[in-house]
Amino acid sequence: NGTNNGATINTSAYGGNSPFLPRVVDQADPKDAVQLSTGSTSFDGTDDYISIGDTNDLSFGDGSDDSAFSVSAWVNPVDASNFQIAFKDTEWQFYLNNSDKVALFLEDESSGAYEYSVDGGSAITQNVWTHVACTYNGVGGGSANAGIKLYVNGAEASSYSTGDSGSYVAMENSANAVTIGKQSTNFSQGKMANVGIWNKELSLSEIQSIMFAEQYAGLSDTSNLVSWYDLGTESSGSELITNGTMESNSGWGNSANAPASQGRSSEQAKAGTYSWKFVTDGSTSQGGIKNTTGFTTVTGKAYRLNYWIYNVGANSHNLKISDGAGSGSISGYSNKWMSSGQTNGQWNEITVDYIESSGGSSGYIEINGPSTSNTWYIDQVSIKQIYAEDSKGSNDGTITGATTTTSYNASPKGVADP
């Protein structure tokens, strides 16, 4: 050992004049896993679902013979028990059973007979994205369940639990809708994306390709694909409100109870130059404005009303949404007080989703104030149909309650980008 005669010792590896080896710096950009959809749609397990109107190309039996079909989807169940993926009442049902296992059920409506097959392996994990698929070769008859194959994450079930009842012949082409996320009173709780329906029995390699397809555009073959629902982007139709921007001095007038005054104004505007102003002076009963050009809606379709309101002197207002026929009101919106989250002296956004109860070309909305002295400005009023788009065909779905989120974090992911 040496004796220190005045030397200064520095114990820091990277301080002073300490020698050290240079470190290698990773110059590559970090890579994210592949986003397989634009997002996903969430179902609350209570009353959320998507309805697809009856169409012949989503039926796979004629009462005498069955034909082949397949269904695939990415699912992320909060509660996997009785999680409904896709269902055509009295025909076929693709779902997770009460043991959280993938199953396909086939029904012969006239006889009440049925055939089914359940994955004999492990249950589906909750709160995790899992790819599931079913195929049916269309064999029909008493051995129909032998024609079913089930897949989880691109692998066929290693064993099956099958069952039947009665003398099954074939499915029948009913007039019932297809639903995603619902079967009778059973509602799914969780997320879904990339739901596809084919009119053929898909092979294992085809299912593996579909599993990691980057959205609809990434599918290698769509020749036998009937319908595809990305469920990551909510689609909307054309604008139904005339002069919702308030830039023209037309299209709006007194509601059933006239306010003290109303008209186009440049005093406040959410966008552009103008809004529509109305004033109540305490002598009117819920006076306000309504659109004077009726809009057209279709019974059973989903619509979104969106508008901005600037309150002066009150933090609530009254909303009425008529049905398209113009003779009644949308349930819950005959005269609903809108007060939640509104602040005086600033623009407040209001959004209402509803299902049309009686379509027609005479739809209107009324926005009224209470019978006190107040001023309101209305701007950027919009009503559009909202739907889950069928990227392949024309079988668009009507969204009831379910929430679509467009983001990387809300979507299933594929293999890492090298």
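## Basis

The model is predicted, so local features need pLDDT of at least 70 and side-chain atom pairs count only at pLDDT 80 or more, while totals for chains, interfaces and linings use all residues. Residues are numbered from 1 along each chain as its sequence is written, and side-chain values use heavy atoms, leaving out hydrogens and water.

## Nonpolar cores

A nonpolar core is a set of buried Ala, Val, Leu, Ile, Met, Phe, Trp, Tyr and Cys residues joined through side-chain atoms within 4.5 Å; buried means under 20% relative accessible area (1.4 Å probe, protein chains only). The largest core has 40 residues, of which Phe 69, Ile 85, Trp 92, Leu 104, Leu 106 and Tyr 136 touch the most other members. Strand β4 (residues 69–79) gives the most to this core, with four residues; strands are DSSP runs of E, at least two residues long, numbered from the N terminus.

Leaving out residues up to four places away in sequence, Phe 69 has contacts (heavy atoms within 4.5 Å) that include Trp 92, Leu 104, Leu 106 and Tyr 136. A second, separate core of 27 residues includes Leu 240, Ile 330, Tyr 333 and Trp 376.

## Ser 117

Ser 117 belongs to strand β8 (residues 113–119). Ser 117 counts as buried because its relative accessibility is 1%. Beyond its neighbours within four places in sequence, its contacts include Leu 104, Asn 145, Tyr 160 and Thr 162.

## Positive phi

Asp 100, not a glycine, has a positive phi of about 65 degrees. Asp 100 sits in the loop between β6 (92–96) and β7 (102–108) and is buried at 16% relative accessible area.

For Asn 243, also not a glycine, the positive phi is about 60 degrees. Asn 243 is in the loop between β18 (235–236) and β19 (252–254) and is buried, with a relative accessible area of 13%.

Conventions. Buried < 20%, exposed > 50% of the residue type's maximum accessible area, 1.4 Å probe, protein only.
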